[in-house]
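The sequence and the model are shown first, and the description follows.

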Amino acid sequence: MYAVIATGGKQYKVAEGDILRVEKLGAEDGATVTFDDVVLVSTDKDILVGDKAAKASVKATVLRTAKAKKVTVYKYKPKKGHHKKNGHRQPFTEVKIDSINA
């Protein structure tokens, strides 16, 4: 059984026991989070999409909240002497999928 959930403007294909990184959620470590925006649910017998999948939910446990590796952003304009260097670390939340309720 697997499901496709939408969170943080992205869609993720998840199954029970999966560990994935999603955009930062406002939850503490060890808290239980419910994803209600389910796009698709695949059971052993059939596939639920649309209104049927909207009734489903996915429960997950927050493992940790951290920042990803640094990405260097370098702006350069030739012949003008313009250089600008910035760094960015995107925050994320790592969750473990506990159950899929269809």
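## Basis of the description

Strands are DSSP runs of at least two residues in state E, and they are numbered from the N terminus. By this definition, I5 belongs to strand 1. The model is predicted.

## The sheet with order 2-1-5-6

Four strands form an open sheet in the order 2-1-5-6, and their pairing is antiparallel. Its edges are strand 2 and strand 6 (47-49), each of which pairs on one side only. Direction ignored, neighbouring strands of this sheet are turned by 15° against each other on average.

Strand 1 (residues 2-7) and strand 2 (residues 10-15) run antiparallel and are joined by six bridges. In one of these pairings, I5 has Y12 of strand 2 as its bridge partner. The hairpin of strand 1 and strand 2 has two residues between the strands, and G8 in this hairpin takes a positive phi near 65°.

Strand 1 also pairs with strand 5 (residues 38-42), in the antiparallel sense and over four bridges. Here V4 has L40 of strand 5 as its bridge partner. Strand 5 pairs in turn with strand 6, again in the antiparallel sense, over three bridges. L40 takes part in this pairing as well, with V49 as its bridge partner in strand 6. As a general point, strands of a sheet pair through backbone hydrogen bonds, either parallel or antiparallel.

Leaving aside neighbours within four places in sequence, I5 is in contact with K10, Q11, Y12, V14, F35, D37, V38 and V58. One of these residues, D37, is 32 residues away from I5 along the chain, yet the C-alpha atoms of I5 and D37 are separated by 6.0 Å.

S42 is found in strand 5. Its relative accessible area is 9%, so S42 is buried as well. When residues up to four places away in sequence are not counted, S42 touches M1, Y2 and I47.

## The sheet with order 3-10-7-4

Another open sheet of four strands has the order 3-10-7-4, also with antiparallel pairing. Strand 3 (19-23) and strand 4 (32-35) are its edge strands, each pairing on one side only. From one strand to the next, the twist averages 45°.

Strand 3 runs antiparallel to strand 10 (residues 91-101), and five bridges join the two. Within this part of the sheet, E23 stands opposite F92 in strand 10.

## A loop residue with positive phi

K79 is found in the loop between strand 8 (71-77) and strand 9 (82-88). Is K79 buried or exposed? With a relative accessible area of 86%, K79 is exposed, because the cut-off for that class is over 50%.

The backbone of K79 also deserves a note. Its phi is near 65°, a positive value in a residue other than glycine. For context, most residues other than glycine have a negative phi.

Key: Residues numbered from 1 in each chain as written. Predicted model: local features only at pLDDT ≥ 70, side-chain atom pairs only at ≥ 80, totals over all residues. Heavy atoms only, no water. Buried < 20%, exposed > 50% of the residue type's maximum accessible area, 1.4 Å probe, protein only. Pairing = 2+ DSSP bridges. Axes fitted to C-alpha atoms, helices over the stretch in contact; angles between N-to-C directions. Contact = heavy atoms within 4.5 Å.
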